[in-house]
Amino acid sequence: MDFSGKPVLYSYFRSSCSWRVRIALALKGIAYDQEPVNLLKDGGQQFSTEFQAVNPMQQVPALKIDGIILSQSLAIIQYLEETRPNPRLLPQDLKKRAQARMISDHIVSGIQPLQNLTFLKQVGGEKKLEWAQHYITCGFKALERILQHTAGRYCIGDEVSMADLCLVPQVYNAERFKVDLAPYPTITRINKALLELEAFQVSHPCRQPDTPAELRA
Amino acid sequence: MSTALMKPVLYSYFRSSCSWRVRIALALKGIAYDQEPVNLLKDGGQQFSTEFQAVNPMQQVPALKIDGIILSQSLAIIQYLEETRPNPRLLPQDLKKRAQARMISDHIVSGIQPLQNLTFLKQVGGEKKLEWAQHYITCGFKALERILQHTAGRYCIGDEVSMADLCLVPQVYNAERFKVDLAPYPTITRINKALLELEAFQVSHPCRQPDTPAELRA
């Protein structure tokens with residue numbers, strides 16, 4: 001069992017799934033190395049034979065930690081939570097915890113896969129922006145309603161949770177796809193509050209090792 | 001507390017793979033519940049009614065009314081059941097195996113199902129539906145078959161039924177509905193067969209639900 005190395009995160013600067021994990025690592029103060037995987041270059045480096053050996057799902061993020069390699073951002077985040085519990089990223093109260101997972105899953109299954117790179121490539125051409133906007137809008141309409149019941153300063157009351165780690169990268173994507181955020185004041189307010197926190201800033205796409213010069217902060 | 005005495009209510013559609021995952025969990029844990037069927041096709045889709053929107057703003061099944069709250073998102077529901085009614089367990093005790101169970105579940109729940117579900121295929125429209133559904137299931141199953149080489153025993157994670165198995169069976173059912181050739185996935189096929197022998201996977205099957213149409217009933 002290899003505990004000797006620092007964790008290694010396979011990440012793309014602009015991948016919202018990777019960003020969620022970068023936030024978790026920053027919040028928990030876990031030092032790690034990054035191996036950038038460029039999703040656009042060379043037909044997509046995630047499809048290389050090399051990376052397939054790291055993650056058969058051919059996606060980022062993947063995290064090499066404690067002698068294993070994990071993929072799927074929420075599986076990774078909950079593994080970090082269970083092995084390095086402080087500070088907590090899931091509420092102690094079981095109902096609030098379920099709500100944090102519910103919101104996370106809504107974003108991670110209900111919105112992101114329907115506007116990610118691989119999927120939009122399949123859609124192709126002019127329809128890309130329209131589809132991305134459609135799915136984000138549907139998802140944010142529902143999310144805004146859910147947050148009426150759960151939110152305080154953040155998605156679940158006043159403590160940062162896994163739901164917040166999913167929210168910020170999704171809002172960033174919404175802005176990239178020019179989605180009008182005016183109908184979602186709660187999402188907007190929470191996003192703003194979270195972006196003031198250091199963990200959300202150091203992990204931001206504009207500050208990564210593989211951020212292109214023109215997008216760097 | 002009176003809410004604790006009320007039976008849970010599951011809003012479900014017989015053929016919704018997401019609903020089936022939760023039905024399996026409830027059966028495995030021996031939790032009695034009432035079902036409120038939500039027909040995803042009738043009336044333009046009953047999930048879009050004002051009534052149901054009040055139950056679940058996400059306008060999807062499953063939703064579970066339990067312990068005074070309403071939860072949606074199958075994995076959030078299953079993990080709530082796991083944490084409040086821990087026996088028998090649905091997540092491995094070993095934290096690495098637990099992470100693998102979640103990883104496989106998430107792969108199916110985020111990486112395959114949303115790209116072949118009803119709402120999405122309606123958007124795709126017309127002749128392309130079958131092609132797209134087959135494409136995403138095939139991609140997803142190729143990766144899953146490889147992952148399972150590292151994790152599987154009798155079931156997805158060793159020899160104990162876990163949340164990953166609750167996601168696998170309904171996805172294989174969908175693959176069969178979309179006529180995906182399963183020959184390239186012997187591990188998936190073997191595990192699916194073993195799981196379908198268990199009572200919880202049978203009582204919760206789409207062919208045995210209150211809203212199963214007569215022609216599809218077992």
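How many bridges join strand S1 (residues 8-11) of chain A to S2(A)? The answer is 4, and the two strands run parallel. This is a predicted model, in which local features need pLDDT of at least 70, side-chain atom pairs count only at pLDDT 80 or more, and totals for chains, interfaces and linings use all residues. Residues are numbered from 1 along each chain as its sequence is written, chains are lettered from A and ligands numbered from 1 in the order in which they are written, and side-chain values use heavy atoms, with hydrogens and water left out.

**View 1. The open sheet of chain A has 4 strands.** Their order is S2-S1-S3-S4, with mixed pairing. Strands are DSSP runs of E, at least two residues, and helices are runs of H or I, at least four residues, numbered from the N terminus. Two strands pair if DSSP finds at least two bridges between them. Strand S2 (33-36) and S4 of chain A are the edge strands, each pairing on one side only. From one strand to the next, the twist averages 20°.

**View 2. Helix H1 (residues 16-27) of chain A packs on the sheet.** H1 touches S1 and S2 of chain A; contact means heavy atoms within 4.5 Å. The direction of H1 makes about 150° with that of S1(A). Axes are lines fitted to C-alpha atoms, for helices over the stretch in contact, and angles run from 0 to 180 degrees between N-to-C directions. In the strand pair, Ser11(A) has Pro36(A) of S2(A) as its bridge partner.

**View 3. Strand S3 (residues 62-65) of chain A and S4(A) form a hairpin.** Their pairing is antiparallel, over 4 bridges. Ile65(A) stands opposite Ile68(A) in S4(A). The hairpin has 2 residues between the strands. Asp66(A) takes a positive phi near 50° there.

**View 4. Chain A meets chain B through 38 residues of chain A and 37 of chain B.** The two chains bury about 3700 Å² between them, 62% of it on carbon and sulfur atoms. Buried area is the accessible area (1.4 Å probe) that two parts lose on being put together, summed over both.

**View 5. Between chain A and chain B there are 4 salt bridges.** A salt bridge puts a side-chain nitrogen of Lys or Arg within 4 Å of a carboxyl oxygen of Asp or Glu. Arg102(B) forms one with Glu82(A), and their closest N and O atoms are 3.2 Å apart. Among the elements giving two or more residues to chain A's side are helix H3 (73-83) and helix H4 (94-110) of chain A. H4(A) gives the largest share, 11 residues.
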